[in-house]
Amino acid sequence: MAVPHLVNRIRFTSSLKKELSKKLDELAKETRIAKTRLLDEAVEDLLKKYDKQ
């Protein structure tokens with residue numbers, strides 16, 4: 001299987017606490033919003049919090 005070419009995104013590897021991962025999965029399913037988009041929003045909120053926009 002070929003790796004898709006990402007134009008506006010970068011691929012990175014990380015890890016989450018098991019309970020956070022489960023809650024993220026549930027939120028994505030309930031809202032029908034991709035986990036990638038939810039993670040974008042979370043990082044944007046953190047950057048605002050620390051005034052790093």
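Q: Why does Arg 9 count as partly exposed?
A: In this predicted model, Arg 9 has 33% relative accessibility. Buried means under 20% and exposed over 50%. The value for Arg 9 lies in between, so Arg 9 counts as partly exposed.

Q: What makes the contact of Arg 9 and Asp 40 a salt bridge?
A: The rule asks for a side-chain nitrogen of Lys or Arg within 4 Å of a carboxyl oxygen of Asp or Glu. The side chains of Arg 9 and Asp 40 meet at 2.9 Å, N to O. That is within 4 Å, so the pair is a salt bridge.

Q: Why does the pair of Arg 9 and Asp 40 tie parts of the chain together?
A: Arg 9 lies in the segment before H1, and Asp 40 lies in helix H2. The parts are 31 residues apart in sequence, so the pair ties them together.

Q: Is Asp 40 buried, exposed or partly exposed, and what value decides?
A: Asp 40 has a relative accessible area of 30%.

Q: What makes the span of H1 close to the expected one?
A: H1 has 14 residues. The expected span is 1.5 Å times one less than the number of residues, which gives 20 Å for H1. From its first C-alpha to its last, H1 reaches 20 Å.

Q: How does the span of H2 compare with the expected one?
A: H2 has 15 residues and reaches 21 Å from its first C-alpha to its last. The expected value at 1.5 Å a residue is 21 Å, and the span is close to it.

Q: Why is Arg 32 called exposed?
A: Its relative accessible area is 78%. Exposed means over 50%, so Arg 32 is exposed. Arg 32 is found in the loop between H1 and H2. Its phi is positive, about 60 degrees, although Arg 32 is not a glycine.

Q: Why is Asp 51 called exposed?
A: Asp 51 has a relative accessible area of 65%. That is over 50%, so Asp 51 is exposed. Asp 51 lies in the segment after H2. Asp 51 has a positive phi of about 55 degrees although it is not a glycine.

Q: Why does Thr 31 count as partly exposed?
A: Thr 31 has 35% relative accessibility. With limits of 20% and 50%, Thr 31 counts as partly exposed. Thr 31 is found in helix H1.

Q: Which helix gives the most to the lining of the largest pocket?
A: The largest pocket holds about 820 Å³ of space. Among the 22 lining residues, the closest to its centre are Phe 12, Lys 35, Thr 36, Leu 39 and Asp 40. H2 gives the most to the lining, with nine residues. The lining divides into 12 nonpolar, four polar and six charged residues.

Technical notes:
Residues numbered from 1 in each chain as written. Predicted model: local features only at pLDDT ≥ 70, side-chain atom pairs only at ≥ 80, totals over all residues. Heavy atoms only, no water. 1 Å grid on protein atoms, 1.4 Å probe; cavity = no way out; pocket = protein on both sides within 12 Å on 5 of 7 lines; lining within 4 Å. Points joined across faces, edges and corners; volume = space filled by probe spheres on them. Helix = DSSP H or I, 4+ residues; strand = E, 2+ residues; numbered from the N terminus. Nonpolar A, V, L, I, M, F, W, Y, C, P; charged D, E, K, R; others polar. Buried < 20%, exposed > 50% of the residue type's maximum accessible area, 1.4 Å probe, protein only.
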